Amino acid sequence: MARRPRGVAIRPMRAADVPAVARIERAVFGREAWPTIAFTRLVRDFRRAGPARGRLWVATGGGAVVGYLGFELSALGGEADIINLAVAEGARRRGIGRRLLRTAEAYCARRGVPLLWLRARASNRRARRFYQRTGFRVVGRFRDYYEEPDEGAVLMAWGRYWRARP
Ligand SMILES: CC(C)(COP(=O)(O)OP(=O)(O)OC[C@H]1O[C@@H](n2cnc3c(N)ncnc32)[C@H](O)[C@@H]1OP(=O)(O)O)[C@@H](O)C(=O)NCCC(=O)NCCS
């Protein structure tokens, strides 16, 4: 049974959350961090878009943002691609990442989106372990996908397609 982190709430990301989100992003991803403007634009564009183009959520605890997740939806709603997920270092291993994923999965289930997928650096063992433990499966690889350092990506999927091995 998944733990429910106490005092943590998940809600849609707002423009006012962006500075806190961008701080976590820089601390977690360093040189690969998205710039603040990328979050600002996505919050605005996802809010305005119809039909839906994607969603961004934040996890908050003690009045502060402690994590976030974003996904993009394909035009026909056949798949959602997790484009960003992070939990602040001091808030990890409390089930917050899992709750963010469950929120995304519940959205997909409600909207009939059958596939939720993502890419992770092949060397990001922590993330791979996390996704495995939360029901994602490795379904393929992209060679030389990332730069600095050059590295392949592992594709992982959740939903009714994950059984299809490449
Ligand atoms: C990956 C990440 C989002 C996980 O967030 P989290 O809130 O710590 O994860 P949870 O507490 O919900 O973990 C759920 C389960 O995943 C597994 N897990 C999570 N972190 C793990 C780690 N460092 N090592 C091994 N297993 C891990 C565990 O099974 C855990 O359950 P448990 O604590 O009961 O054993 C977080 O470590 C993070 O932000 N990492 C840096 C950014 C990143 O790599 N993002 C993904 C890019 S693709």
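Analyst: Let's begin with helix 3 (residues 96-111), which lies across strand 1, strand 2 (54-61), strand 3, strand 4, strand 5 (115-121) and strand 7 (151-159). Its direction makes about 35° with strand 3. Helices (H or I, at least four residues) and strands (E, at least two) are DSSP runs, numbered from the N terminus. Axes are lines fitted to C-alpha atoms, for helices over the stretch in contact, and angles run from 0 to 180 degrees between N-to-C directions. Helix 4 (residues 125-133) also packs on the sheet, where it touches strand 4, strand 5, strand 6 and strand 7. The direction of helix 4 makes about 15° with that of strand 7. Contact here means heavy atoms within 4.5 Å.

A word on what you are viewing: this is a predicted model, in which local features need pLDDT of at least 70 and side-chain atom pairs count only at pLDDT 80 or more, while totals for chains, interfaces and linings use all residues. Residues are numbered from 1 along each chain as its sequence is written, and side-chain values use heavy atoms, with hydrogens and water left out.

Seven strands form an open sheet with mixed pairing, in the order 1-2-3-4-5-7-6. Strand 1 (8-12) and strand 6 (137-146) are at the edges with a single partner strand each, so one side of each has no neighbour in the sheet. On average, neighbouring strands of this sheet are turned by 25° against each other, direction ignored. Two strands pair if DSSP finds at least two bridges between them.

Strand 3 (residues 64-73) and strand 4 (residues 79-87) run antiparallel and are joined by seven bridges; Gly70 has Asn84 as its bridge partner in strand 4. Strand 6 and strand 7 also run antiparallel, with six bridges between them, and Val138 stands opposite Met156 in strand 7. The hairpin of strand 6 and strand 7 has four residues between the strands, and Glu148 takes a positive phi near 45° there. The peptide bond from Glu148 to Pro149 is cis, with omega near 0°. Another cis peptide bond joins Gly50 and Pro51, with omega about 0°, and Pro51 is in the loop between helix 2 (36-48) and strand 2.

From here, move to the loop between strand 4 and helix 3, where you will find Arg93. Phi of Arg93 is near 60°, a positive value in a residue other than glycine. Arg93 also brings us to the ligand: of the 22 residues around the ligand, Val87, Arg93, Gly95, Gly97 and Asn124 come nearest. A residue counts as near if one of its heavy atoms lies within 4 Å.

A backbone N or O atom of Val87 lies 2.8 Å from a ligand oxygen atom, and a polar backbone atom of Arg98 is 2.9 Å from an oxygen atom of the ligand. From Arg133, a polar side-chain atom lies 3.4 Å from an oxygen atom of the ligand. The ligand taken alone exposes 920 Å², and the protein buries 84% of that; accessible areas come from the Shrake-Rupley method with a 1.4 Å probe.

Finally, the domain assignment, which comes from an automatic or database source, gives domain 1 (1-113) and domain 2 (117-166). Their C-alpha centres lie 18 Å apart, and 15 residues of domain 1 are in contact with 14 residues of domain 2.

Definitions and conventions. A polar contact is a pair of N or O atoms within 3.5 Å; within protein, one must be able to donate a hydrogen and the other to accept it, and residues adjacent in sequence count only if both atoms are side-chain atoms.
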